[in-house]
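Hi,

Here is the structure I said I would pass on to you. Please have a look at it first, and then read my notes below.

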Amino acid sequence: MERAPEVDLRQLRAFLALADELHFGRAAADLGIAQPALSQLIRRIEVALGVDLFARTSRSVALTPAGRVLQGRARSLLAQARRDLDETVQVGRGEAGRLDVGFVVSALPLGPIERVQRFRARYPAVRVELTEGFSSRLVAAVQRGELDLAVVRDPDPVDGVRFTRFRSEPFVAAVPRDHRFAERSTVRGPELLDDPFVFFPAEAGVLATERNTAPVAAGGRRPVIVQEATTWATVLHLVGVGLGVTVLPESAALAAPDTVVLLPLEGSPHRSELVWAARADDDREVLRNFAAAAD
């Protein structure tokens, strides 16, 4: 296959200057170069293309038909090159491109999407895509490079992923309205040890399970999980119909149905941690800009 002719941007700019002026002296002055240097640039582009772009006489310079075609194309090519270079600079500065952000639903009341909105307002040329999911799945997606960032809850440590603290909050207990503790104002976690528990499946993460059940654990015993669900909304609904009780982060309980009673955990020091997950080796400016959007 025949190779395409190689013409650089400097040659195109020289061609356009001469095409506009049709005078070597004035075009060279416009470019800030000597007239012989301009003549060499024009000759190189004509050799590269294999056609004459100008008809020259001792008294005049005129565009050939090929030159007139290139005059229109060259303006477009240089304008596109400027746009492409500007976009490259913007991406390098984190001011353009794309950012894929994951989130756990229970984090929403604590403001991560408001940070996304502030970032979008500052950097409208960056396309932000949001993805909802389990903490464990979101962290795995960050590790694989499918997500740039994710706000997750109580994640297990993962190689190649760094975590930056976002929010910390207490746990609360959720019991059905007909539960023996439903009329109380608080409950001690270990008092629920004999109740069946509704909770997330094991794939949600070891640390997430341990932290949520730690307020109830006592004497080496932990609650027995008899029913699993994949969202806090479903967990709370199952609690409301009497399948068990649960312990959950305070913000995750905001959407509890009226069939559920929420009880602060008396004397519990345990807290749920929300963190931002990102690849440990990802130091792009777009991530720094996102972090700065919190200010």
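Trp276 is buried, with a relative accessibility of 6%; buried means under 20% relative accessible area, exposed over 50%, and partly exposed in between, with a 1.4 Å probe and protein chains only. Before going on, please note that this is a predicted model, in which local features need pLDDT of at least 70, side-chain atom pairs count only at pLDDT 80 or more, and totals for chains, interfaces and linings use all residues. Residues are numbered from 1 along each chain as its sequence is written, and side-chain values use heavy atoms, leaving out hydrogens and water.

Back to the rings. The whole structure holds 9 aromatic pairs (rings of Phe, Tyr and Trp, the latter by its six-membered ring, with centres within 6.5 Å; planes under 30 degrees apart are stacked, over 60 edge-to-face, the rest tilted). Trp276 pairs edge-to-face with Phe166, at 5.7 Å centre to centre and 65° between the planes. Phe166 is in strand β6 and Trp276 in strand β11, so their pair ties together parts 110 residues apart in sequence. Helices (H or I, at least four residues) and strands (E, at least two) are DSSP runs, numbered from the N terminus. Phe166 is buried as well, at 8% relative accessible area.

Next, helix α6 (residues 135-144). Which of its residues are buried? They are Ser135, Leu138, Val139, Ala141 and Val142. Because they cover an arc of only 155° around the axis, they sit on the same side of α6 (the arc is that of the directions from the helix axis to the C-beta atoms). They pack against β3 (97-103), β4 (126-132), β5 (149-153), β6 (161-176) and β11 (271-279), where contact means heavy atoms within 4.5 Å. Just after α6 comes Gly145, with a positive phi of about 85°.

Then the charges: a search of the whole structure gives 18 salt bridges (a side-chain nitrogen of Lys or Arg within 4 Å of a carboxyl oxygen of Asp or Glu). One of them joins Arg75 and Asp20, with the closest N and O atoms 2.4 Å apart. This pair links helix α4 (residues 65-92), which holds Arg75, to helix α1 (residues 9-21), which holds Asp20, 55 residues apart. Another joins Arg180 and Asp195 at 2.8 Å, N to O. Here Arg180 is exposed at 51% relative accessibility, whereas Asp195 is buried at 9%. Finally, Asp148, Arg279, Asp282 and Arg284 are linked in a salt-bridge network.

Best wishes
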